[in-house]
Amino acid sequence: FISTTMKFTLLFNLLIVSAYNIDTNYPILYPNSANNAGQYLYTKFEHSYFGYSVLLHYDLKKNISWLFIGAPRGNYTQKQSTFRLLNEPGVVYRCNLPGPCVEIKPTFMKDEEVYINQLKRHVYVKKEHSWFGGAMSIEKYSGFLTICAPRTILKIISTFKITKYMDTLQGMCYSGETSSGTLKPENSEITSFDFSKNTWYDPIHGFSVAFAVPLQKQFRTISRIVGRPNDNIIGSVNIGSFWKFNEINRKTTNDIPIYDDLSKFGYAVTSGYYFHRNQPLYVCADPGWNYIGQVVIVDLDGDFIPLITNLRGSDIGEFFGASLASGDLNNDGLYDLVVGAPHWGNDNGKIYIYLGSSKKEFEAATILKGTREDAQFGYAVAVGDVDGDDFCDIIVSAPWEEFGAIYIYNGDASLKDKVRPTMSQRITMQSFGHNPSIKGMTIQTFGFSISEPIDIDNNGYADIAVGAYKSGHVIVLRSKPIVRTNLTVYTIPSTLQRNISNFLVEACVEYQNYNTTNIHAFKVSLIVDQKYKRTKETLLEMYSIDASIHMCVNATITLLNNIQDFIEPITIYASHNFTYNDSSEFCKTCPVESKNNKLNSVQVLLPFDIECGEDKVCNSNIHAIVKLWGVRQVTENNTWIIGSNDITLETHLRNYAEAYLTTIVFTLPKEIVLRSILSFCEEDTNKDILMVICNIGNPFGTNEQRVVKLDLDMRHLTNGSLHGQVLEFFTEIRTRSTNNGMHMIKSSLTLQSEAFLLLSGKAIEKSYYLSNLDSDRSNIVFQHVYQISKLGGTPIEEARLVVNLPTAIDDSDSPILLYKPRIYISGRYYDCLSNEVDLMNIQQGLLGETASDASNLYNLDYNNETLQNVTHDIFKRNADNYITFGARILRTLYNLRMATFKDSNGNLTIQERDIIYVNCSTYGVNCSTMYCDLNALKTQQDIGKLVIRLILNTTKLKDNFKLFNEMKIVKFNTDAYVEIIKPANRIFGMDMRHNTNVTTEFHNTAKTQKLQLWIVLVSVSLGLILLCIVVIILNKLDFFKRTTKEELFALKSDEVQNKCNKIDRLIMMRINMKSFIDNGGCKERYIRVKEIFRIRNLIHIN
């Protein structure tokens, strides 16, 4: 059965979602597992559709199990010429379990000639491509086997005038005993066929076949149904009765109550006791009807049951009825029906479950849907009790889910309540070999066909066979026995003293409703104190020696030294599994624990004696004070400025009675995290809420105090729109003792947004004189600078600087041009928006402007001092070569007069009368607005600077204001303000300057006249004469003969020296007299001398 590159044994890798009692470690793979595999070395099973259909059968009389495998495109291996002439007639293999496989074939392996009375002529039955094995069924009590070849061609010969041939896809079935190697053809189907129908051709007889469920096990009349889904276009079924394998009656049922041109009645068939235990019925599928499909009930006589029993699909194209299976799912004594709809959704597939009832109608129980596209969940279904609980289980295939999969759903009484059955097992299979030559071999379309579950190994549990036609395989999966056990665990002692060093654990397993053949040794797995790890052994396995109904095992557990936690009991989890001897063969008596058994695992708590009295309750009295540091204290409320510094949550704990296992749990608001974690604390997250659990101590003694400080990281709270929101910090005190003190403390923190913008501005050059300009330099470049400082900790989300700029007077041409404005913030430039003003690029130049002007346009290396002192060389107010010293004096006098002179009547000053104001509040002045985005101002270190570079056309200015030789001052003013848009709600600064203005003056004076040379000479001569007169007068007054400064200083020094000498003589006389009176020691003399010198120094200084 295997190719030359294969071996007899393959290693399977089974992926199991929820393993239960269907064994996946030792599957039987065909054709590889057949004893006579060498006979089929050259057979290409993947091309023969080996596994297209599959059956399991247990022969009660011969006590033997068989596997029947259909290969509808197979060729026989015999070498006779008769068999070589037939191409792909189809082959069915009967395989002993275990044992060899043999081929089952029709009695005549050649084309047959049959005479049909209705046609009055002979016809030929062609056996090539007949798909023998496309459908097959076994009556399990009698062993009556039917194998159909639905693509058998009937060649009809017409001899009217000329000989003609007509081929029709008639279909044919063969019957006989399961033990027989040949089956007889049912020619009566052809001879009794109604050829008088309008559309009699291509009925496809034998597309499906099933035997009726027997009323009793002894030999009796056998009823069988065969489907013809294309008969008379809409389809039909043929119901026959047999006695001792001989046909005694046949009836065709084709007039279904409801049909249409899409009907495929007879596509799938099954049978069961759906409404009464003594009334077997047939269920026939019509998956094409009305694009959704229907299922019709027929009795054994071929009569339709009333339409009330008809079942219909719900979605177009789902192919409701493509597969059918029957069995008692809820153990109520009536058969239930499973209907597959594999093309539902995107070929996801689903199955419908209907419950039989005595009301003679089906009750819809539930629907199971496939989850994967193109898997065709429900392509094949089977029903049988695989776990031995008296509830039939559902096996559903999804052959195109990757390489194929089958699902096992367990039947249950809860189906009556429309509860979805639970999936106990999902099996997908891929085969691998240790030999590199066969490694990588895969099984494809696993689940294309599924046999009815049959117990093939006499262990009391049904097994299944699964076909995978695309790769040419059939896999037999066997079931293991299911048992229920009771596990109990004891500890000695039942309570631990603090000074104890070990304790004993004993585990006992007892079988319930046992079968002695299924009793096996076991192991008990222990998990001891895994959380607190106070024992030396945390994972332990104990093995039983003998297999008996009631067995116990035990082990000694050692406690660690220096245990601190005596409050929490030691937790012991115990579970048991059966142990088997390592073997390469399947163990049919090795049990599996029932999935519904809750007693095969247990938890035991072993407490410590904590000496808290008989009630084991300790009392404590814990109080706490919680403070927030780094916040503002406003009355009794804590406030925090969004975006400012981090804060600290400090908790002071004091206990007035002993407490055990005391912890403090901090629940922090969203977006607040820890800057660092304390060594005795741990973090836990629950739905974005951070919880910090800190161990205070065990025990927490009487009058003992603890301080817990949590450094909180607030950097994620930067949204200024949170202004006014209140954050709540919860501090919970937990202890295993009864706490008579505080349990929960709530601390509130109000969020506030604090953001201000301070605006200042100045002109780089405050004044310009229009008379200084040459005739070819009619443009003045001047600059206004605005500086914005950000104050407050909250980041600004949206803010802007607005500058109003005068551009034109009435409808005249604008004398002002503006270089494209850009604001400089934190090392980057940002463009500003402006309207109604003419813009220039930096690269452009104007008449009267030098290249250095443009190069310094955005040079922002100005500090405040630089902004005050910077000047422009081009328009610096120095005198022209033709302006005389006298003209400069006259200009100065003019400026002083303009600044100080006032009318005696208190009228406007001359300056006010001669000033022209150009600003946005002046009537007739047109203004434009400039907007600069300040969103980049995030921190208090950020500063924004806007340099507005303006070009004034003096010719247009004079024309607009009629300035000729009049002395007037034009004050050009820009005003600006800043506004914070977001956050809208915030603390507003009362003394912050949000607006300002900058003014530049332009002086228009009369043009200075060129002085005559003689006037200059006369003025110089008069000055020299005046100087000579002054010198003569001073000489007459002896001003030049007075004592020099050096002589006066020398005289004064001599006088001072004489005074000092006299004082020294007086002091020496006083010393001598004192020494004579008092002849003291050295120390006293030293003190007196020191005092004398101090007096002398004072005199010298004076």
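Trainee: What makes aspartate 167 and lysine 155 a salt bridge?

Mentor: Their closest N and O atoms are 3.0 Å apart in this predicted model. The cut-off is a Lys or Arg side-chain nitrogen within 4 Å of an Asp or Glu carboxyl oxygen. The pair is within that limit, so aspartate 167 and lysine 155 count as a salt bridge.

Trainee: Why is this pair said to tie parts of the chain together?

Mentor: Aspartate 167 sits in strand S12 (residues 164-169), while lysine 155 belongs to strand S11 (residues 153-158), so the bridge connects parts twelve residues apart in sequence.

Trainee: Why is lysine 155 called buried?

Mentor: Buried means under 20% relative accessible area. Lysine 155 has 17%, so the label is buried.

Trainee: Are glutamate 112 and lysine 127 buried or exposed?

Mentor: Glutamate 112 has a relative accessible area of 12%. Lysine 127 has 3%. Each value is under 20%, so glutamate 112 and lysine 127 are buried.

Trainee: What makes lysine 350 and aspartate 315 a salt bridge?

Mentor: The N to O distance is 3.2 Å. Lysine 350 lies in strand S25 (residues 350-355), and aspartate 315 lies in the loop between strand S22 (311-312) and strand S23 (323-327), 35 residues apart. Lysine 350 is buried at 3%, whereas aspartate 315 is partly exposed at 30%.

Trainee: How many salt bridges does the whole structure hold?

Mentor: A search finds 31.

Trainee: What makes the phi of lysine 418 worth noting?

Mentor: Most residues other than glycine have a negative phi. Lysine 418 is not a glycine, yet its phi is positive, near 60°. This lysine 418 is in the loop between strand S29 (405-409) and strand S30 (423-432).

Trainee: Why is lysine 418 called exposed?

Mentor: Exposed means over 50%. Lysine 418 has 57% relative accessibility, so it counts as exposed.

Trainee: How do you know that the bond between leucine 97 and proline 98 is cis?

Mentor: Look at omega, which is about -10° for this cis bond. Proline 98 is in the loop between strand S5 (91-96) and strand S6 (101-106). The bond from lysine 982 to proline 983 is also cis, with omega near 0°.

Trainee: What span is expected for helix H9?

Mentor: The expected span is 34 Å at 1.5 Å a residue. H9 has 24 residues and reaches 36 Å from first C-alpha to last, close to that value. Isoleucine 1015 is in this helix, residues 1013-1036.

Trainee: Why is isoleucine 1015 called partly exposed?

Mentor: Its relative accessible area is 35%, between the 20% and 50% limits, so partly exposed is the label.

How values were computed. Residues numbered from 1 in each chain as written. Predicted model: local features only at pLDDT ≥ 70, side-chain atom pairs only at ≥ 80, totals over all residues. Heavy atoms only, no water. Helix = DSSP H or I, 4+ residues; strand = E, 2+ residues; numbered from the N terminus. Buried < 20%, exposed > 50% of the residue type's maximum accessible area, 1.4 Å probe, protein only. Expected span 1.5 Å × (residues − 1).
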